[in-house]
Amino acid sequence: MKVGDGGVDDSRVDATGMRVSIVVARFNEIVSQRLLSGAMDALIRHGAAEKDISVHWVPGSFELPFVAQEVAVSGAADAIVCLGAVIRGETTHYDLVADGAARGVARVSLEHRVPCGFGVLTTETLEQAMERAGGKHGNKGADAALAAVEVARLARQIRGRRGERPVRPGQPRTDREGGSGRGTRDHAGDPWQPHREGGSLALHRGGGDVAAQPADQLRQR
Ligand code: INI
């Protein structure tokens, strides 16, 4: 079954065991709060545990990429969902904010190899935004959350098939790019370095230290 009228196929999404960070803009909060509710509901309906969902509020959509980047670098999330509402006013600010958010989020996703769902509405009016935040055009927050999880699952399959190890942002991606990844130095305590575990090499991505609002407190907002 499809969610909304977009390309997200509800039946393909399994959020079980996924750590998801939602970054949400406070600007036009009446809309973004609904996008957030839609995203949370969709993730939980698809098996995500509430404890694995964190929520980071930012002032406006322009700030979404920076905080998404902090989350990505921390290694705390398998998928990131960016939510906001950019509603056209009478100035060109709209275009700058919308463009900055879209390009910035795409860049974070590609550079840090963490799927980022883009649930930022860009509309002419508040009414159009509300229609896409749980109204007659569905909830784009839910769509963005499920898209990010679907892609995170796919990435996991592809990486698993290639036997590829996770990459710490800013580190060489392949052996040819520099460093073998099987360090001879003592990397004790570095969760990104391979270590012996039951006779085979293992590599853990540690949780991040980015301050997040736990999802179970969110409902009280
Ligand atoms: N931020 C939004 O999320 N939506 C908007 O519609 C919007 N408008 O129209 O100005 C908006 N502006 C704020 C912007 O995102 C930044 O927070 C601000 O420029 C400070 O950096």
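## Close-up views of a predicted model

**View 1. Residues around the ligand.** The ligand is surrounded by F27, N28, G60, S61, F62, E63, A85, V86, I87, H93 and V97, where a residue counts as near a molecule if one of its heavy atoms lies within 4 Å of it. The model is predicted, so local features need pLDDT of at least 70 and side-chain atom pairs count only at pLDDT 80 or more, whereas totals for chains, interfaces and linings use all residues. Residues are numbered from 1 along each chain as its sequence is written, and side-chain values use heavy atoms, with hydrogens and water left out. By class, this shell has six nonpolar, four polar and one charged residues, with Ala, Val, Leu, Ile, Met, Phe, Trp, Tyr, Cys and Pro counted as nonpolar, Asp, Glu, Lys and Arg as charged, and the others, Gly among them, as polar.

View 2. An oxygen atom of the ligand lies 2.7 Å from an N or O atom in the side chain of S61, a ligand oxygen atom is 3.3 Å from a polar side-chain atom of N28, and a ligand oxygen atom is 3.1 Å from a polar backbone atom of F62. Taken alone, the ligand exposes 460 Å², of which the protein buries 76%, the areas coming from the Shrake-Rupley method with a 1.4 Å probe. The elements that give two or more residues to the shell are β3 (79-87) and α3 (93-112); helices (H or I, at least four residues) and strands (E, at least two) are DSSP runs, numbered from the N terminus.

**View 3. Strand β1 and its partners.** Six of the six residues of β1 (residues 20-25) are buried, so this strand is largely enclosed by the rest of the structure; buried means under 20% relative accessible area, exposed over 50%, and partly exposed in between (1.4 Å probe, protein chains only). Strand β1 runs parallel to β2 (residues 53-58), joined by six bridges, and parallel to β3, joined by five bridges, where two strands pair if DSSP finds at least two bridges between them. V24 stands opposite W57 in β2, and I22 has V81 of β3 as its bridge partner.

**View 4. Strands β3 and β4.** These two strands pair in the parallel sense over eight bridges, and C82 has F118 in β4 as its bridge partner. The chain crosses from β3 through α3 to β4 in a right-handed β-α-β crossover, a term that applies if, with the strands pointing away from the viewer, the path from the first strand over the helix to the second runs clockwise.

Note on methods
A polar contact is a pair of N or O atoms within 3.5 Å; within protein, one must be able to donate a hydrogen and the other to accept it, and residues adjacent in sequence count only if both atoms are side-chain atoms.
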